[in-house]
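The following exercises concern a single protein chain.

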Amino acid sequence: MPVRRIVPNVQSTALPQSVEFYGELGLEEVMNHGWIITLASPGNPAVQLSVMTEDRTAPVAPDLSIEVEDVDAAYAAMLERGAEIVHPLTDEEWGVRRFFVRDPNGRVVNVLGHR
C-alpha cells in the first residue's frame, strides 16, 4: 500500500501566530480552511505541516495524517486488524476520502486519499 506523504498535525489556539512562526522557518501556506492551515516547503512541497484548532467534521483532532494511494484498501486492512476506527470512512467536501484510526500508542491517525 503506497504512502504518498505523512503530515504532522499541530493543535493550536493561535493559528495566525503559528503560521507566522513556521513561516519564519521557511514554510509557506498551501491550504487554509479557516480551522486548518497546511504549510509546505516551497522547494519540496511534499514536506508539510498542518496547524489546526479542531477538526470540524470529526470527533477529535488527529495527531498526524497519512495520505495513501488506496484509502479503501487501508480502511479494509485496519478493519481486518481490529483497529479502533475513531471516525468512519467519509467523503469530505474539500475533496478527500478519509477515516481516523487509533494507533497502538493511542495517537489518532487521519488516513486519507484525494478523490
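**Exercise 1.** Determine whether Gln 48 is buried or exposed.

Solution. Step one is the cut-off: buried means under 20% relative accessible area, exposed means over 50%, and partly exposed lies in between, with a 1.4 Å probe and protein chains only. Step two is the value: Gln 48 has a relative accessible area of 15%, so Gln 48 is buried. Step three is the setting: Gln 48 is found in strand 4 (residues 44-52). Helices (H or I, at least four residues) and strands (E, at least two) are DSSP runs, numbered from the N terminus. Leaving aside residues up to four places away in sequence, Gln 48 touches Arg 5, Val 7, Pro 8, Val 30, Thr 38, Leu 39 and Ala 40, where contact means heavy atoms within 4.5 Å.

The model is predicted: local features need pLDDT of at least 70 and side-chain atom pairs pLDDT 80 or more, while totals for chains, interfaces and linings use all residues. Residues are numbered from 1 along each chain as its sequence is written, and side-chain values use heavy atoms, without hydrogens and water.

**Exercise 2.** State how many aromatic pairs the structure holds, and classify the pair of Tyr 75 and Phe 99.

Solution. Rings of Phe, Tyr and Trp (its six-membered ring) pair if their centres lie within 6.5 Å; planes under 30 degrees apart are stacked, over 60 edge-to-face, and the rest tilted. The structure holds three such pairs. One of them joins Phe 21 and Tyr 22, edge-to-face at 5.0 Å centre to centre with 85 degrees between the planes. For Tyr 75 and Phe 99, the ring centres are 4.9 Å apart and the planes stand at 70 degrees, so this pair is edge-to-face. Tyr 75 belongs to helix 2 (residues 71-81) and Phe 99 to strand 7 (residues 96-102), so the pair ties together parts 24 residues apart in sequence. Both Tyr 75 and Phe 99 are buried. Tyr 22, by contrast, counts as partly exposed at 21% relative accessibility.

**Exercise 3.** Describe the order of the elements and decide why the chain counts as compact.

Solution. The protein chain has two helices and eight strands, in the order β-α-β-β-β-β-α-β-β-β from the N terminus. The radius of gyration, taken over C-alpha atoms, is compared with the globule rule, 2.2 Å times the number of residues to the power 0.38. The radius is 14 Å, close to the 13 Å that the rule gives for 115 residues, so the chain is as compact as a globular protein of that length. Buried residues make up 37% of the 115 residues.
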